Amino acid sequence: MKKIGFIGAGNMATAIINGLISNKASKPEDINVFDLDENKLELMQNKGVNTLGSSADVVKNSGIIVLAVKPQNYSEILADLKPCADDSKIFVSIAAGISIDYVRRGLSCDCPVVRVMPNTPLLLGKGASALCPSDNISDRDFDTVKKMFSLSGTVEVISEEHMNQIISVNGSSPAYVYLLAKVMADYAESCGIEYDKVMNLICATLIGSAEMLKNSGDSPDKLIEKVSSKGGTTIAALDKLRDYKFEEAVTEAMKACTNRAEELGKAF
């Protein structure tokens with residue numbers, strides 16, 4: 001099995017590495033990491049992971065390289081990696097707006113690339129990741145990359161034309177859920193209800209609602225109908241949400257997310 005390297009040891013890299021180690025998919029000594037932050041490297045050393053002296057060292061000593069850095073750092077990182085990149089190396093990009101073609105051009109190499117949009121619940125093994133492979137990656141290697149992310153949650157493979165759009169669906173969307181939960185909790189607290197108790201009920205409701213969406217066999221419209229009694233409290237709430245154009249607001253927010261991803265892609 002190819003050694004897996006990580007350039008960057010932030011939250012996403014940590015989540016993936018934890019999934020690999022805890023599920024015994026990789027031994028710690030088969031994982032290479034470099035980060036400019038010595039504290040992050042020390043945390044990796046404590047896991048038994050190999051910490052290397054440069055990003056180039058990670059590429060030289062790994063078969064699969066995860067580029068776990070911010071989009072604005074890609075140009076510099078790819079330039080550093082260009083001398084040691086070749087088509088035997090597989091690069092995994094998890095940055096918003098960065099295309100497969102951009103990675104290849106930056107490396108001056110027709111190497112296999114997998115573009116991934118993960119989300120932060122990977123940290124708890126409950127992530128949702130969208131993957132798009134280049135056309136020159138082997139099934140075996142792509143299966144290895146898919147497994148890296150499926151160990152920490154759900155994965156779906158989509159075409160690259162939709163990778164910027166999918167950010168609004170699973171990449172940025174946890175923030176929408178957190179905002180909804182905050183507004184609900186703040187309202188309840190303003191009514192004199194204990195915040196901790198409210199948040200416990202909200203979290204259980206979100207989990208249960210997700211399970212209903214996934215496993216009940218009913219469409220979202222049908223599930224809404226089942227909660228809504230004529231003249232009841234839910235209808236009153238839904239009517240007010242529609243008065244304030246809730247559905248349009250969410251749609252426009254998702255469009256704004258996609259547009260920003262497109263802008264990021266053009267900027268680098």
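A search of the whole structure finds one cavity of 30 Å³ or more, a cavity being a set of points on a 1 Å grid over the protein atoms alone where a 1.4 Å probe fits but cannot get out. The model is predicted, so that local features need pLDDT of at least 70 and side-chain atom pairs count only at pLDDT 80 or more, while totals for chains, interfaces and linings use all residues. Residues are numbered from 1 along each chain as its sequence is written, and side-chain values use heavy atoms, with hydrogens and water left out.

| Feature of the largest cavity | Value |
|---|---|
| Volume | about 30 Å³ |
| Lining residues | A95, A96, G97, R115, V116, M117, M163 and I167 |
| Lining by class | six nonpolar, one polar and one charged |

The elements that give two or more residues to this lining are β6 (113-117) and α7 (163-171), and the largest share, three residues, comes from β6. Helices (H or I, at least four residues) and strands (E, at least two) are DSSP runs, numbered from the N terminus.

Helix α6 (residues 139-150) has twelve residues and reaches 16 Å from its first C-alpha to its last, close to the 16 Å expected at 1.5 Å a residue. Its buried residues (under 20% relative accessible area, 1.4 Å probe, protein chains only) are D141, F142, T144, V145, M148 and F149. Because these cover an arc of only 155 degrees around the axis, they lie on the same side of α6. The face of α6 turned away from its buried side carries D139 and R140, both exposed, meaning over 50% relative accessible area.

Note on methods:
On a 1 Å grid over the protein atoms alone, a cavity is a set of points where a 1.4 Å probe fits but cannot get out, and a pocket is an open set with protein on both sides within 12 Å along at least five of seven lines; lining residues have an atom within 4 Å of a point. Grid points are joined across faces, edges and corners, and a volume is the space filled by probe spheres set on the points. Ala, Val, Leu, Ile, Met, Phe, Trp, Tyr, Cys and Pro count as nonpolar, Asp, Glu, Lys and Arg as charged, and the others, Gly among them, as polar. The expected span of a helix is 1.5 Å times one less than its number of residues. The arc is that of the directions from the helix axis to the C-beta atoms.
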